[in-house]
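Please open the model in your viewer and keep the selection tool at hand. We will go from one stop to the next, with a short account of what is there.

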Amino acid sequence: MKFGMPIPYAAGFRQAVEGLRALEDAGLDAVTVPEAYTFDAVSHLGYIAARTSRVELATSILNIYSRTPALLAMTAAGLDHVSDGRFSLGIGSSGPQVIEGFHGVPFHAPLGRTREIVAICRQVWSREKVELHGRHYDVPLTPERGGSGLGKSLKLINAPVRPAIPMTLAALGPKNIALAAELFEAWQPIFYHPESADEVFGDALAEGRAKRDPLLPDLRVIADAKFFIGDDDHELEAARAKVRAALALYIGGMGARGKNFYHHLVTRLGFGAAADEIQDLYLGGSKDAAAAAVPAALVDGISLVGRPDHMEKRVAAYAAAGVDQLNLSPVSTDNDERARQFAHLRKIADAVTEQA
């Protein structure tokens, strides 16, 4: 199993990058950079590429609305070039609050757009002349769709480091998950509960895999989790409190009532009543109460927070559920402590692999 880590896009970015060498030595395999309505992820990844030599790099995620498909492909090829082939393109739909509220672009047809984006990206990377006249993208733009008639079908000038850059889809809903299993090299869920994974995601994954091109590699699963190993009760409870606060934000505040994708997912995981309570409290302004309402079973099921024996069981559960990579957000802010914890987790994961 591989271990990744998101780099903060707000405070502490340079300090986090400075500590990556130690984390690489401790067993970190990949670094991801989020992009919301923040500084862009691309410039940050270029900086990281220049300061590292082994760790894999990925966007987690670039939304599919604010860049054209060709620009997404050009950006991925550029990052793969400056990192010597260490980059993976993570994309996703984001949500209407960001897409319409920050970018001013209508949030519609994420599935159809994603399918056409994948086709265009792969044309660009294989240096074919780009041509796709789809429902959502018309390249070259035809007069019937508002073009001047002067557009030419062009191919990428530079030869990419790799003719097929791995793509990851961040997906929550069944149709989007099926699309990931059909077209992408990897699927990145959020709030991945290993024991419920087959029941919640299995049908959608099977649907997509049935349509998957046999030339594509097996679908990789990349799960996110908060991370802290410890033996001190107070430290463990503080770590769990951070997990609860993050869950309350997503379940309660990331989307309007009835339009919160994370609330829907947690409901599908079997915590519907708790999700309703969390949302009511959060939207009512009681954020601390919303965090306190997050069930312990949800905290423990979707995070790696606990004593070493608990950590061994959770790593084994993720592995048994088919997870190939864990993107771990360390609770500790001290880089030396992070390195010690990653090294400890690497030993635990290696022991789990030997026992399997």
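Begin by selecting Trp187, Tyr192, Phe201 and Tyr318, which together form one aromatic cluster in this predicted model. Across the whole structure, a search finds 11 aromatic pairs. To look at one pair, select tyrosine 65 and phenylalanine 107, whose ring centres are 5.3 Å apart and whose planes stand at 40°, so the pair is tilted. This pair links distant parts of the chain, 42 residues apart, with tyrosine 65 in the loop between strand E4 and helix H4 and phenylalanine 107 in the loop between helix H5 and helix H6. Both tyrosine 65 and phenylalanine 107 are buried.

Next, turn to the largest nonpolar core, which has 105 residues, and in which Ile48, Trp125 and Trp187 have the most contacts. Helix H10, residues 261-283, gives the most to this core, with nine residues. If you select isoleucine 48 and leave aside its neighbours within four places in sequence, you will find it in contact with residues including Ile7, Phe13 and Leu57.

Now move to the backbone. Most peptide bonds are trans. The bond from serine 60 to isoleucine 61, however, is cis, with omega near 5°, and so is the bond from valine 139 to proline 140, with omega near -10°.

Finally, is aspartate 84 buried or exposed? Aspartate 84, in the loop between H4 and strand E5, has a relative accessibility of 66% and counts as exposed, and its phi is positive, about 60°, although it is not a glycine.

Definitions and conventions. Residues numbered from 1 in each chain as written. Predicted model: local features only at pLDDT ≥ 70, side-chain atom pairs only at ≥ 80, totals over all residues. Heavy atoms only, no water. Phe/Tyr/Trp six-rings, centres within 6.5 Å; stacked < 30°, edge-to-face > 60°. Helix = DSSP H or I, 4+ residues; strand = E, 2+ residues; numbered from the N terminus. Buried < 20%, exposed > 50% of the residue type's maximum accessible area, 1.4 Å probe, protein only. Core = buried A, V, L, I, M, F, W, Y, C linked by side-chain atoms within 4.5 Å. Contact = heavy atoms within 4.5 Å.
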